[in-house]
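Here is a friendly walk through one chain, with the cut-offs spelled out along the way. Please have the model open as you read.

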Amino acid sequence: MTYIGKSVKRVEDRRFTTGKGQYTDDIKLPNMTYAYILRSPYAHAKINKIDTSAALAMDGVVAVFTGEDVKDVGGVPCGWQVNFKNGDVMKEPKHPLIAHERVLHVGDNVAMIVAESKSIARDAADLVDVDYEELDAAVDAFKAVADGAPQVHPEAPNNMAFDWELGNPKEEVAEALSNAAHITELSFVNQRLVANAMEPRSAIGDYDDAYGRHTLYTSSQNPHLTRLLLSAFVLGLPEHKVRVVAPDVGGGFGSKIFHYTEEALVVYFSHKIGRPIKWTAERSESFITDAHGRDHITKAKMGFDAEGNIVGFQVYTHANMGAYLSTFAPAVPTYLYGTLMQGLYTTPKINVDVTGVFTNTTVVDAYRGAGRPEATYMIERLMDLAALEMGKDPAELRMQNFIPPFDGVNQEGYATQVALQYDSGNYEGVLRKALDLAGYSEMRAQQAATSNGKLVGIGFSTYIEACGIAPSAVVGSLGARAGLFESAQVTVQPTGKVTVYTGSHSHGQGHETTFAQIVADKLGIGIDDVEIVHGDSDRVAFGMGTYGSRSLAVGGSAIVKSVEKVLEKGAKIAAHLLEASPDDLEFGAGKWTVKGSDKSVAFGDVSLTAYVPHNYPEGMEPGLDFSSFYDPANFTYPFGAYIAMVEIDKETGKVDLKRFVAIDDVGNVINPMIVDGQIHGGLAQGIGQALLEGAIYDENGQLINGSYMDYCMPRADDFPSFEIGRQHTPCPHNPLGVKGAGEAGCIGSTPAIVNAVIDALWKAGHQVKDIRMPLTPERVWKAMNN
């Protein structure tokens, strides 16, 4: 049976839908204690004194720890380095496990209370007396770099973590813009978002005194990297003395990639008290401690010649880093953002200038798409706005500026002005498919004919993203402090059943299904004969986790490499059994057959022979077990075209999304059903940013919508039925030809929605260039009436 390309139902869903999944908070260890973390109510304050005596005297309290207890322990490190334009290294202040002397954001750790139950720990936290001296806070990234702004870190003057530049020299871009027939300018905010994974973060630390070994159970997308950072940089332990287990994880969207202070705290203090410690975030904690996403303030100019061809593009962005540098934070507004400024267009001159800024807010790091949505939003907003200003059709303007089709084999990859080389693409193809699926001319006719007191708008977005974040040598030169390969071990049992140990980690992507499909297809066995193991550093030798739509392109390719080694050795064993040369055999349908004959031997017979080597090739080792590391030759570059149609109530400003058409090219597809689900989820998050979501801080650094009562999450009735389709342009440099699908919908959907609203207002005579997201009824109404 062929499995690749089939919509196989997810094998892992049975345990999830029957309540048999095991998440970190489900784990109960003998003699376990429970932690509650007292957090700062202020964005910026001195800690003059902490009195823990009353809390320690409470029945059931085991211990109370403060910053004094960990002041000599390593801080949580940053995993990516970005230098200043003048060559100076970025500012990287220590991120302490518990704040000592100063707190730097609302939610900063102040004390950890350990007790016999979580409720006791929570009650005891109320008895910890902290004498704070509140200080002025820096909140807005643009204002924070001004002279006289409150300083977050003394070692970072003007709150600058780094400034960074990429592309052509500014002088060349300025000259191109000076000669442009038309310039479109836009200043906007790409607002801060909260990831809001279904499962709150959780961590359990356990110390085994008999072996001198620590175990961390954690809701992580990246268990091996967590082990590396925790052991080597925070606690100073040998890696073999630390085991990290990430069991079932209930969503992450990027927010669970990073190593967090709470993970280090439960490991460190479980050793101190000699008992396991569990910490699980409450939802209100998640809002102020999980890494946030986006938060860019940008000014951009795009120039066109008289025919509408782009001639130059200049970008200035202030990126809010929050109070500390999270694990991958510096990479997001630089190498995942600036390098995508080419978009799908032949723009000859591009310069992007980014300033990373410390503020007294929660840290900002990768959130679904991570830099790619911010880049796409800017480019695609400028394209639709330019079309309005120049009186051109937005689809036609894109068509004339698209990079011509190339497959990366017969035609070389496309070298951009911003350091990348695209692998393969047919950008006009996806847009034409979207226009056909939408019935574009009928859609425009419907827009013109609407007269029911509503305004109708149509918005476009054509996106590209860089996925499978690699190769290691390239990302190392760009500042990564780790390799970005992936590993896979394929163990064939004597019975022909297969266990795959993968360094990728699933938190909802369906790895146990798609990876099993690949192995079953390649080996000609049943999908039920394949077991996928992930998330345990004792069972999987090493891995780089799941993020950046890398699981299939990098992790899947590592599995294919190991399967190919199995087949290579299996062919030699089969040849011995068949008394033939390996070159005379062909493999298919789960057996090796001598070409041109009916002589064959099944995969299961070969695997048994490998472990019962009585009739066996001389000098060959027994067993059928291979490991591989796959380090890609390039990023992969999925792309697509989206069209949104909205209806706006003139009286209230309420925006209703009537249609959404999405054509994605994610290369080859292993499981269409799972890819559809990934696209749907991404669309929901991207549309949610456009219309509903946004973290709001006041001038004192208080998150004023830090609960589901105030932070508006998208719901099913906010969306129409998505109209989706696909084009297939294989990636030329990985063995599966896949590009990645997990973030696509989130990248392309946001600008399509905003463009549709702006289009509706322009068609009604309101020449509004931008409305700050989310596009609430109040903001849209004000735009129509000012």
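## Aromatic rings

Which residues form one aromatic cluster? Trp80, Trp164, Phe328, Tyr335 and Tyr547 do. Before going further, note that this is a predicted model, in which local features need pLDDT of at least 70, side-chain atom pairs count only at pLDDT 80 or more, and totals for chains, interfaces and linings use all residues. Residues are numbered from 1 along each chain as its sequence is written, and side-chain values use heavy atoms, with hydrogens and water left out.

A search of the whole structure gives 28 aromatic pairs. Rings of Phe, Tyr and Trp (for Trp, the six-membered ring) pair if their centres lie within 6.5 Å; planes under 30 degrees apart count as stacked, over 60 as edge-to-face and the rest as tilted. For tyrosine 42 and tyrosine 132, the ring centres are 5.2 Å apart and the planes stand at 70°, so this pair is edge-to-face. Tyrosine 42 sits in the loop between E1 and strand E2 (45-51) and tyrosine 132 in strand E6 (residues 129-134), so the pair ties together parts 90 residues apart in sequence. Here helices (H or I, at least four residues) and strands (E, at least two) are DSSP runs, numbered from the N terminus. Tyrosine 42 is partly exposed, at a relative accessible area of 27%; buried means under 20%, exposed over 50%, and partly exposed in between, using a 1.4 Å probe and protein chains only.

Tryptophan 164 and tyrosine 335 also form an edge-to-face pair, with 5.2 Å from centre to centre and 80° between the planes. This pair links distant parts of the chain, 171 residues apart: tryptophan 164 is in strand E7 (residues 160-167), and tyrosine 335 is in the loop between strand E14 (310-322) and E15. Tryptophan 164 counts as buried at 5% relative accessibility, and tyrosine 335 counts as buried at 16%.

## Salt bridges

How many salt bridges does the structure hold? There are 38, each being a side-chain nitrogen of Lys or Arg within 4 Å of a carboxyl oxygen of Asp or Glu. In one of them, lysine 85 meets aspartate 353 at 2.7 Å, N to O. Lysine 85 lies in the loop between helix H3 (67-70) and strand E4 (102-103), and aspartate 353 in strand E15 (residues 350-358), so the pair ties together parts 268 residues apart in sequence. Lysine 85 is partly exposed at 41%, whereas aspartate 353 is buried at 7%.

Arginine 243 and aspartate 538 form another salt bridge, with the closest N and O atoms 3.6 Å apart. The two are 295 residues apart, with arginine 243 in strand E11 (residues 242-245) and aspartate 538 in the loop between strand E21 (530-533) and helix H16 (551-578). Arginine 243 is partly exposed at 22%, and aspartate 538 is partly exposed at 40%. Lysine 454 and glutamate 647 meet at 3.7 Å, N to O. This pair joins strand E18 (residues 454-464) to strand E26 (residues 639-649), 193 residues apart. Salt bridges that share partners also join Arg39, Arg201, Glu262, Glu285 and Asp290 into one network. Arginine 201 of that network lies over the face of tyrosine 260, 3.6 Å from the ring centre; the criterion is NZ of Lys or CZ of Arg within 6 Å of the centre and within 35 degrees of the ring normal.

## An open sheet and its helices

In what order do the seven strands of the open sheet run? The order is E3-E5-E1-E12-E9-E10-E11, with mixed pairing, where two strands pair if DSSP finds at least two bridges between them. Strand E3 (61-66) and E11 are the edge strands, each pairing on one side only. The twist averages 20° from one strand to the next. Strand E9 (residues 202-208) and strand E12 (residues 277-280) run antiparallel and are joined by four bridges; serine 202 stands opposite threonine 280 in E12.

Helix H4 (residues 118-125) lies across strand E1 (33-39), E3, strand E5 (109-115) and E12, at about 30° to E1. Helix H8 (residues 261-273) lies across E1, E3, E5, E9, strand E10 (213-218) and E12, at about 30° to E9. Axes are lines fitted to C-alpha atoms, for helices over the stretch in contact, and angles run from 0 to 180 degrees between N-to-C directions; contact means heavy atoms within 4.5 Å.
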